[in-house]
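Have the sequence and the 3D view open as you read.

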Amino acid sequence: MERYKSNRDFIGFVSGLCALEKDAAALLSQQLETVSFKKGEAILEQGSICRYVYYINSGLVKTGFENKERTFIMRFFAEGATFTVLDSYLSQNPSAYKIEALENTVLTRISRTEMDKLCFRFHPMETFFRKLVSMASVNMMSRIGEMLEEKAAARYENFLRENPGLIQRISLGDLAGYLGITQVSLSRIRSGI
């Protein structure tokens, strides 16, 4: 692991959600680290505790869970996205979800311990974290509503509309896992659209 040297992107993301003071930005920069993962490598194993908030410098990741019966993919995150497994991060309990690199991926991360210290010391960091949690909660509720209320074909159309750049970067198996359907069902939907 190396210290993150060019913190423009992560700090820019934070600054986009709150008015970050110069001393807060400097301290935040010191707490960031850059980590790299190869395609297929686990960033967080199912059953482990999520201890970081991540920002994607380059690459693509998925969050989801697997059991004996099926794989369900909750979200994909690409360059410029910030993510964590929120329930595990907040509760510090083992995660039901796994995070996996779908491409060679470079992430900037900050630990929960350091984030808590920054939030305690700087009100804008607390504002950033509150907004980040709020956005994640809204996205989660939207995703749950989509899975419960929309038919698979509508979910597929929504995915294409909202993520046009991702369709070339993910496998059909992962797309089916995201939509909550089998690959056979996905093939039928794709041939009908």
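## A loop residue to begin with

Q92 is partly exposed, with a relative accessible area of 24%; here buried means under 20% relative accessible area, exposed over 50%, and partly exposed in between, using a 1.4 Å probe and protein chains only. Q92 sits in the loop between helix 3 (86-91) and strand 8 (98-101). Although Q92 is not a glycine, it has a positive phi of about 60 degrees. Helices (H or I, at least four residues) and strands (E, at least two) are DSSP runs, numbered from the N terminus.

A word on the ground rules: this is a predicted model, in which local features need pLDDT of at least 70 and side-chain atom pairs count only at pLDDT 80 or more, while totals for chains, interfaces and linings use all residues. Residues are numbered from 1 along each chain as its sequence is written, and side-chain values use heavy atoms, with hydrogens and water left out.

## Rings that meet

Rings of Phe, Tyr and Trp (its six-membered ring) pair if their centres lie within 6.5 Å; planes under 30 degrees apart count as stacked, over 60 as edge-to-face and the rest as tilted. By this rule the count comes to 12 aromatic pairs. One of them joins F13 and F128: the ring centres are 6.2 Å apart and the planes stand at 90 degrees, so this pair is edge-to-face. F13 belongs to helix 1 (residues 8-17) and F128 to helix 5 (residues 123-149), so the pair ties together parts that are 115 residues apart in sequence. F128 counts as buried, at 0% relative accessibility.

Another pair, F76 with Y178, is tilted, with 5.5 Å centre to centre and 40 degrees between the planes. F76 is in strand 6 (residues 71-78) and Y178 in helix 7 (residues 172-179), so here the parts tied together are 102 residues apart in sequence. F76 is buried at 7% relative accessibility, and Y178 is buried too, at 9%.

F10, F13, Y55 and F128 form one aromatic cluster. T82 itself is buried, with a relative accessible area of 12%.

Two arginines lie over ring faces. A charge sits over a ring if NZ of Lys or CZ of Arg is within 6 Å of the ring centre and within 35 degrees of the ring normal. R112 lies over the face of Y89, at 5.5 Å from the ring centre, and R143 lies over the face of Y178, at 3.7 Å.

## Around helix 7

Helix 7 is mostly covered, with 6 of its 8 residues buried: D174, L175, A176, G177, Y178 and L179. What do these buried residues pack against? Their partners are strand 5 (60-66), strand 6, helix 5, helix 6 and helix 8. Just after helix 7, G180 takes a positive phi of about 80 degrees.

From helix 6 (residues 152-162) comes F159, which counts as buried at 2% relative accessibility. Leaving aside neighbours within four places in sequence, F159 is in contact with F76, P164, L166, I167, I170, L175 and Y178. F159 and Y178 are 19 residues apart along the chain, and their C-alpha atoms are separated by 9.3 Å.

## Two helix pairs

Axes are lines fitted to C-alpha atoms, for helices over the stretch in contact, and angles run from 0 to 180 degrees between N-to-C directions.

| Helix pair | Angle | Axis distance |
|---|---|---|
| Helix 7 and helix 8 (residues 183-192) | about 95 degrees | 9 Å |
| Helix 2 (residues 22-31) and helix 4 (residues 112-121) | about 170 degrees | 11 Å |

Angles under 35 degrees count as roughly parallel, over 145 as roughly antiparallel, 65 to 115 as roughly perpendicular and the rest as oblique. Helix 7 is therefore roughly perpendicular to helix 8. Their contact is made by L172, G173, L175, A176 and L179 of helix 7 and Q183, L186 and R190 of helix 8. By class, this contact has 5 nonpolar, 2 polar and 1 charged residues; Ala, Val, Leu, Ile, Met, Phe, Trp, Tyr, Cys and Pro count as nonpolar, Asp, Glu, Lys and Arg as charged, and the others, Gly among them, as polar.

Helix 2 is roughly antiparallel to helix 4. L27, L28 and Q31 of helix 2 meet E114, L118 and R121 of helix 4, a contact of 3 nonpolar, 1 polar and 2 charged residues.

Methods. Contact = heavy atoms within 4.5 Å.
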